[in-house]
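Q: I am new to this structure and would like a close look at how charged side chains pair up in it. Please start with one pair, and then show me what lies around the others.

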Amino acid sequence: MFLKGLYLLKAYQKEGIGRELFLRARGQAKKRGATTLYIEVLKANPTLEFYQKFGAQLVEENVLQIGTRVLPEVILGLQLKV
């Protein structure tokens, strides 16, 4: 199962909301029988460390192109214990 993005306005960061949203997404993935949750994150995004704290590990590196912009991204994998 893929988590394409989890975004919070700056004003709501550092309040545990992102953590709660992520835990709920992880729980839903488990409930639906997924064994791995894949997460796409821009490589320069500081939230990369947020997901790694939960045990997500690098699976693949890609390049995302939006118009003329080229943005390196990573795909992380988090093993789900069912």
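A: **Charged pairs and their surroundings**

Let's begin in helix 1, where Arg 24 and Glu 20 both sit, 4 residues apart, or about one turn of the helix. Please keep in mind that this is a predicted model. The side chains of Arg 24 and Glu 20 meet in a salt bridge, with 3.0 Å from N to O. How open is each partner? Arg 24 counts as exposed because its relative accessibility is 56% and the cut-off for exposed is over 50%. Glu 20 has a relative accessible area of 39%, so it is partly exposed.

A search of the whole structure finds 3 salt bridges, and the next one reaches across the chain. Lys 43 pairs with Glu 61, and their closest N and O atoms are 2.8 Å apart. This pair links distant parts of the chain, 18 residues apart: Lys 43 belongs to the loop between strand 2 and helix 2, while Glu 61 belongs to strand 3, residues 57-66. Lys 43 is partly exposed, with a relative accessible area of 40%, and Glu 61 is partly exposed as well, at 46%.

The remaining stop on this tour is the salt bridge between the side chains of Glu 40 and Lys 4, at 2.8 Å from N to O. Here too, distant parts of the chain are linked: Glu 40 is in strand 2, Lys 4 is in the loop between strand 1 (2-3) and helix 1, and 36 residues separate them. Is Lys 4 buried or exposed? Its relative accessibility is 57%, so Lys 4 counts as exposed.

This pair also leads us to a pocket. Lys 4 and Glu 40 are both among the residues that line the second largest pocket, along with others including Val 41, Thr 47, Tyr 51 and Glu 73. About 200 Å³ of space lies in this pocket. Strand 2, residues 36-42, gives the largest share of its lining, 3 residues. By class, the lining has 6 nonpolar, 3 polar and 3 charged residues.

Now follow Val 41, one of the residues in that lining. Leaving aside residues up to four places away in sequence, Val 41 touches Thr 47, Leu 48, Tyr 51, Glu 73, Val 74 and Leu 76. Val 41 also belongs to the largest nonpolar core, which has 14 residues; Val 41, Phe 22, Leu 37, Ile 39, Tyr 51 and Leu 76 are those that touch the most other members. Helix 1, strand 2, helix 2 and strand 4 (69-79) are the elements that give two or more residues to this core. In soluble globular proteins, nonpolar side chains tend to be buried together.

The largest pocket has a volume of about 620 Å³. It is lined by 19 residues, and those closest to its centre are Gln 13, Lys 14, Pro 46, Thr 47 and Phe 50. Helix 1 (17-31) and helix 2 (48-53) are the elements that give two or more residues to this lining, and the largest share, 4 residues, comes from helix 2. The lining is made up of 8 nonpolar, 5 polar and 6 charged residues.

How values were computed
Residues are numbered from 1 along each chain as its sequence is written. This is a predicted model: local features need pLDDT of at least 70, side-chain atom pairs count only at pLDDT 80 or more; totals for chains, interfaces and linings use all residues. Side-chain values use heavy atoms; hydrogens and water are left out. On a 1 Å grid over the protein atoms alone, a cavity is a set of points where a 1.4 Å probe fits but cannot get out, and a pocket is an open set with protein on both sides within 12 Å along at least five of seven lines; lining residues have an atom within 4 Å of a point. Grid points are joined across faces, edges and corners, and a volume is the space filled by probe spheres set on the points. Ala, Val, Leu, Ile, Met, Phe, Trp, Tyr, Cys and Pro count as nonpolar, Asp, Glu, Lys and Arg as charged, and the others, Gly among them, as polar. A nonpolar core is a set of buried Ala, Val, Leu, Ile, Met, Phe, Trp, Tyr and Cys residues joined through side-chain atoms within 4.5 Å. Buried means under 20% relative accessible area, exposed over 50%, partly exposed in between (1.4 Å probe, protein chains only). Contact means heavy atoms within 4.5 Å. A salt bridge is a side-chain nitrogen of Lys or Arg within 4 Å of a carboxyl oxygen of Asp or Glu.
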